[in-house]
Amino acid sequence: MELLTSLRDRDNIRNICILAHVDHGKTTLADALVASNGIISARQAGKLRYLDSREDEQLRGITMKSSAIALRYASGGKNYLVNLLDSPGHVDFSSEVSTAIRLCDGALVVIDVHEGVCPQTQTVLHQAWLEGIKPCLVLNKMDRLITELKFSPTEAYSHLIQVLEQVNAFTGQLFTSQVMEEAEQRKTVPTEVESDQVYDWSSGLELTDDSNLYFSPEQGNVIFTSAIDGWGFGYCGDLIGWNLHSHAISL
């Protein structure tokens, strides 16, 4: 009864959507999170595609409609109700993605580390930016760096840095565009120009704080996962690893 009461508290409710390019592992990640609540077996995660409830979605192997499920998450002695939305990754269903973002407090942007940043990845980052959502970056399919690309640890590190730089470069473009647009709106052009009048033609970028803008493992907004294998890890002062089907474990 106490659990139900805590989950009804609005302060303990979070709406989170999963965004990504097609086939970057959104639905597999959703399966792993659903399995963490015991709704499906951990062995079925990634194969069942639980949130792809339509017959045509199962036949085609892609998400076509946004689907939601309520999950329980416990942290710091508190229980949270997480309404998880799995959105489509194909460009033909972008309206579903826009709707999901507007309903949510946060987002998980999933990227296949093998393929890197793709067109739809940029689209969902842009949509999240416009809605004022600060997403968490999920670098998925880490296993492909080993099993397919045969990378050494140094090569894998360099590749992951390149993917992060791609995401941060695009985020920087969004930030620059917004600051310059706001500066343009504030700028007034006088009808008469005085000879001794000095104008400020700066863009305002040098005065804007962007310290918390970019994705970085040190800031706790980057997670490294292999959703199909059910594991992940992140960095928040200490290195923390997760079995996606159960609880966090300290490494």
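Reader: Hi! I've clicked on Gln-127. Leaving out residues up to four places away in sequence, which ones does Gln-127 touch?

Author: Hello! Not counting residues up to four places away in sequence, Gln-127 touches Ser-94, Val-97, Ser-98 and Ile-101. Do keep in mind that this is a predicted model.

Reader: Good to know. Where does Gln-127 lie?

Author: You'll find Gln-127 in helix α5, which covers residues 119–130.

Reader: And is Gln-127 buried or exposed?

Author: Gln-127 is buried: its relative accessible area is 17%. That counts as buried because the cut-off is under 20%.

Reader: What does the side chain of Gln-127 make a polar contact with?

Author: With the side chain of Ser-98, at 2.9 Å. Ser-98 is also among the residues that Gln-127 touches.

Reader: Nice. New topic: how many salt bridges are there in the whole structure?

Author: A search of the whole structure turns up 7. One of them joins the side chains of Arg-54 and Asp-56, with 2.7 Å from N to O.

Reader: How accessible are Arg-54 and Asp-56?

Author: Arg-54 is partly exposed, with a relative accessible area of 34%. Asp-56 is partly exposed too, at 26%.

Reader: Which residue does Glu-96 meet in a salt bridge?

Author: Glu-96 meets Lys-65, and the N to O distance between their side chains is 3.3 Å. This pair links distant parts of the chain, with the two residues 31 apart. Glu-96 sits in helix α4 (residues 94–103), while Lys-65 is in the loop between α3 (55–60) and β2 (67–75). Lys-65 is partly exposed, with a relative accessible area of 38%.

Reader: Okay, and what about Arg-102, which residue does it form a salt bridge with?

Author: Its partner is Glu-131, and their closest N and O atoms are 3.3 Å apart. Here, too, the pair links distant parts of the chain, 29 residues apart. Arg-102 belongs to helix α4, and Glu-131 to the loop between α5 and β5 (136–140).

Reader: Is Arg-102 buried or exposed?

Author: Arg-102 counts as exposed, because its relative accessibility is 61% and the cut-off for exposed is over 50%.

Reader: Which residues are linked in a network of salt bridges?

Author: That would be Asp-112, Lys-141, Arg-144 and Glu-148.

Reader: What does Trp-231 form an aromatic pair with?

Author: Trp-231 pairs with Phe-233, and this pair is stacked as well: 6.2 Å centre to centre and 5° between the planes. Trp-231 is partly exposed, with a relative accessible area of 32%.

Reader: So Phe-233 turns up in both the pair with Phe-224 and the pair with Trp-231. What do Phe-224, Trp-231 and Phe-233 form together?

Author: Together they form one aromatic cluster.

Reader: Thanks, I'll go and find them!

Terms used:
Residues numbered from 1 in each chain as written. Predicted model: local features only at pLDDT ≥ 70, side-chain atom pairs only at ≥ 80, totals over all residues. Heavy atoms only, no water. Helix = DSSP H or I, 4+ residues; strand = E, 2+ residues; numbered from the N terminus. Buried < 20%, exposed > 50% of the residue type's maximum accessible area, 1.4 Å probe, protein only. Polar contact = N/O pair within 3.5 Å; in protein donor to acceptor, adjacent residues only side chain to side chain. Contact = heavy atoms within 4.5 Å. Salt bridge = Lys/Arg side-chain N within 4 Å of Asp/Glu carboxyl O. Phe/Tyr/Trp six-rings, centres within 6.5 Å; stacked < 30°, edge-to-face > 60°.
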